[in-house]
Amino acid sequence: MYDSIYNEAQDALPSRAYTVYPSLLCRLFYLWRIMLIKFQKNDTTQLSPHFTADEFSCSCNNCVDNFIDDVLLEKLEEVRVAIGPIKVTSGYRCPQHNKDIGGAPSSSHMAGLAVDIQPIPLNVDSLDKLYEKCLQVFDNIGDGRPKRFVHVDVRPAKPNGVKRKWVY
Ligand SMILES: [Zn+2]
Ligand SMILES: [Zn+2]
């Protein structure tokens with residue numbers, strides 16, 4: 001089983017403040033609305049119609065508690081339904097594992113807000129299809145197609161509504 005961690009302060013922040021200090025308060029607002037699903041490695045609980053908890057486990061051999069954001073899961077499910085089977089190549093990362101594999105120091109993988117995914121079967125066309133769908137569904141998309149993956153995360157969109165897109 002998994003526990004949901006939910007901070008009820010999500011509605012406490014006046015929306016006006018978001019506009020005044022976007023970069024800082026955007027982050028705070030996000031932390032307040034977050035709903036993480038907590039699970040342990042090898043937990044095969046079905047979290048959504050097509051994903052089980054262990055698919056998002058950290059790949060190290062040390063950490064115990066792992067996390068995945070509920071909105072991320074919902075959006076992934078939408079992509080999965082549209083394009084077919086998806087393999088999660090990197091889900092949650094504990095800080096040590098993120099460091100070990102050279103992840104960005106503030107990687108959203110450490111917060112349970114990001115996944116790297118691959119289409120099944122894996123080929124140029126299926127990767128393109130996956131990337132295009134992710135562009136529709138997510139606000140933050142890392143194009144790792146040359147390295148055979150797409151990174152998506154659910155950090156809040158920029159205040160001007162522009163999506164974050166970058167290439168690995
Ligand atoms: Zn770990
Ligand atoms: Zn990633």
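**Close-up views of a predicted model**

Arg148 lies in the loop that links β8 and β9. The model shown in these views is predicted.

View 1. Arg148 has a positive phi of about 65° although it is not a glycine. The residue counts as partly exposed because it has 14 C-beta neighbours inside 10 Å. Strands β8 and β9 (residues 149-153) run antiparallel and are joined by five bridges. Among the facing residues, Gly144 stands opposite Phe149 of β9, and Ile141 has Val152 of β9 as its bridge partner.

**View 2. The open five-stranded sheet that contains β8 and β9.** The strands follow the order β6-β7-β9-β8-β10, and their pairing is mixed. The edges are formed by β6 (86-90) and β10 (164-167); each has a single partner strand, so one side of each is left without a neighbour in the sheet. Direction ignored, neighbouring strands of this sheet are turned by 25° against each other on average. Whereas β8 runs antiparallel to β9, β8 pairs with β10 in the parallel sense, over four bridges. In that pairing, Asn140 has Arg164 of β10 as its bridge partner.

**View 3. Helix α5 lying across the strands β7 (114-119), β8 and β9.** The helix runs at about 145° to β7. The loop between β7 and α5 contains Pro121. A cis peptide bond, with omega about 0°, joins Ile120 to Pro121.

**View 4. The packing of helix α3 (residues 70-83) against helix α5 (residues 124-137).** The two axes come within 10 Å and cross at roughly 140°. This angle makes α3 oblique to α5. The crossing of α3 past α5 is right-handed. On the α3 side the contact is made by Lys75, Glu78, Val79, Ala82 and Ile83, and on the α5 side by Lys129, Leu130, Lys133, Cys134 and Val137. Of the residues in this contact, six are nonpolar and four are charged, with no polar residue among them.

**View 5. Asp139 in the loop between α5 and β8 (140-144).** Asp139 counts as partly exposed because 18 C-beta neighbours lie inside 10 Å. Leaving aside neighbours within four places in sequence, Asp139 is in contact with Ala157, Lys163 and Arg164. Arg164 is also the bridge partner of Asn140 in the pairing with β10. Asp139 and Val154 are 15 residues apart in sequence, and their C-alpha atoms are 7.0 Å apart in space.

**View 6. Asn42 in the loop between β2 (35-40) and β3 (46-48).** Phi of Asn42 is positive, near 70°, in a residue other than glycine. Asn42 counts as exposed because it has 8 C-beta neighbours inside 10 Å, whereas Arg148, with 14 such neighbours, counts as partly exposed.

View 7. The chain has 168 residues, of which 28% are buried. Among contacts with a separation of 6 or more, 62% join residues 24 or more positions apart.

Conventions
Residues numbered from 1 in each chain as written. Chains lettered and ligands numbered in written order. Predicted model: local features only at pLDDT ≥ 70, side-chain atom pairs only at ≥ 80, totals over all residues. Axes fitted to C-alpha atoms, helices over the stretch in contact; angles between N-to-C directions. Helix = DSSP H or I, 4+ residues; strand = E, 2+ residues; numbered from the N terminus. Parallel < 35°, antiparallel > 145°, perpendicular 65-115°, else oblique. Left-handed = near helix turned anticlockwise from the far one by under 90°. Contact = placed C-beta atoms within 7 Å. Nonpolar A, V, L, I, M, F, W, Y, C, P; charged D, E, K, R; others polar. Buried ≥ 20, exposed ≤ 12 C-beta atoms within 10 Å, placed from the backbone. Pairing = 2+ DSSP bridges.
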